[in-house]
Amino acid sequence: MKREIITTGDGSKTIQIMDWQEQYHSKHGAIQEAYHVFIHSGLDLFKNQDLHILEIGFGTGLNAFITLMESERRNLKINYTGVEAFPVSVDELNQLNYIEELDSVSRKKDFDLMHSSQWQEDIVISSEFILRKEQKDFKDIDILETVNLIYFDAFGARVQPELWTVEIFEIMHRAMKPGGYLVTYAAKGSVRRAMLEVGFLVERLPGPPGKREMLRARKKIVKGLLL
């Protein structure tokens with residue numbers, strides 16, 4: 001499928017799948033969406049602790065890169081697992097402008113390392129941030145009750161409904177510690193119902209620019225036990 005680099009509403013770039021008219025990040029603002037959905041609605045729930053984050057759709061690495069920078073301000077030690085079935089090409093990465101738009105030229109080597117590092121290996125990005133990239137289908141994730149926070153950033157249900165099913169959210173539920181959270185830009189009723197069916201507590205939150213709502217799900221705790 002044809003892909004091209006586009007400039008989003010906040011000046012940051014993303015990749016667009018032309019046949020689908022679907023983007024890796026919001027066309028209203030890639031960086032704005034990352035901060036709104038994954039940082040302010042997810043990472044901000046945690047401070048001063050060790051944290052395991054699972055990202056569904058590693059893609060351009062934007063969410064991981066912002067999380068690296070923001071975690072240092074929150075005194076978080078992070079193990080970050082990014083799952084991606086189809087890695088972004090080096091040519092596409094070279095056309096993105098996240099380093100400039102985030103005013104983070106001093107961290108360029110970290111961004112480059114995130115993408116040049118080997119898959120299926122733990123890579124030390126900093127003393128407080130370890131990255132593991134897994135190239136696999138989401139249905140093949142086999143993590144069990146270690147994840148505190150999931151960034152669910154798959155392509156939308158309009159074009160890939162198979163990524164937003166009860167089966168996939170059961171895998172997310174199993175991966176997560178009781179009390180853990182999942183955040184996503186999505187707000188479709190079918191997505192919310194799938195989350196509820198597997199046992200998540202689900203709330204609607206105000207969405208990022210261009211979206212009225214988004215979803216945040218939590219794995220239940222009942223008297224200290226998983227429900």
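Four bridges connect strand S9, which covers residues 176-184, with strand S11, which covers residues 213-219, and the two strands run antiparallel. Within this pairing, Tyr181 stands opposite Arg218 in S11. The model described here is a predicted one, and the reader can follow each of the named residues in it.

Strands S9 and S11 belong to an open sheet of eight strands with mixed pairing, whose order is S6-S7-S5-S4-S8-S9-S11-S10. The edges of this sheet are strand S6 (122-126) and S10, each of which pairs on one side only. From one strand to the next, the twist averages 20°. Helix H6, made up of residues 166-175, lies across strands S4 (50-56), S8 (147-152), S9, S10 and S11, and runs at about 135° to S9.

Is Phe200 buried or exposed? Its relative accessibility is 1%, and because buried means under 20%, Phe200 counts as buried. If neighbours within four places in sequence are left aside, Phe200 is in contact with several residues, among them Phe169, Met172, His173, Ala217 and Arg218. Phe169 and Phe200 are 31 residues apart in sequence, while their C-alpha atoms are 9.0 Å apart in space.

We can now turn to the aromatic rings. A search of the whole structure finds 13 aromatic pairs. One of them is formed by Phe46 and Tyr181, whose ring centres are 6.3 Å apart and whose planes stand at 80°, so the pair is edge-to-face. Phe46 lies in the loop between helix H1 (30-40) and S4, whereas Tyr181 lies in strand S9, so this pair ties together parts that are 135 residues apart in sequence. Phe46 and Tyr181 are both buried. The rings of Phe65 and Phe111 have their centres 5.3 Å apart and their planes at 75°, so this pair is edge-to-face. It links distant parts of the chain, with Phe65 in helix H2 (residues 62-73) and Phe111 in helix H5 (residues 108-116), 46 residues apart. Phe65 counts as buried at 0% relative accessibility, and Phe111 counts as buried at 8%.

A last stop is a loop residue. Ser12 is found in the loop between strand S1 (3-7) and strand S2 (13-17), and it counts as buried because its relative accessibility is 0%. The side chains of Ser12 and Asp10 are joined by a polar contact of 2.5 Å. Beyond its neighbours within four places in sequence, Ser12 is in contact with residues including Ile6, Gly29, Ile31, Asn97 and Glu101.

Notes: Residues numbered from 1 in each chain as written. Predicted model: local features only at pLDDT ≥ 70, side-chain atom pairs only at ≥ 80, totals over all residues. Heavy atoms only, no water. Buried < 20%, exposed > 50% of the residue type's maximum accessible area, 1.4 Å probe, protein only. Contact = heavy atoms within 4.5 Å. Pairing = 2+ DSSP bridges. Axes fitted to C-alpha atoms, helices over the stretch in contact; angles between N-to-C directions. Polar contact = N/O pair within 3.5 Å; in protein donor to acceptor, adjacent residues only side chain to side chain. Phe/Tyr/Trp six-rings, centres within 6.5 Å; stacked < 30°, edge-to-face > 60°.
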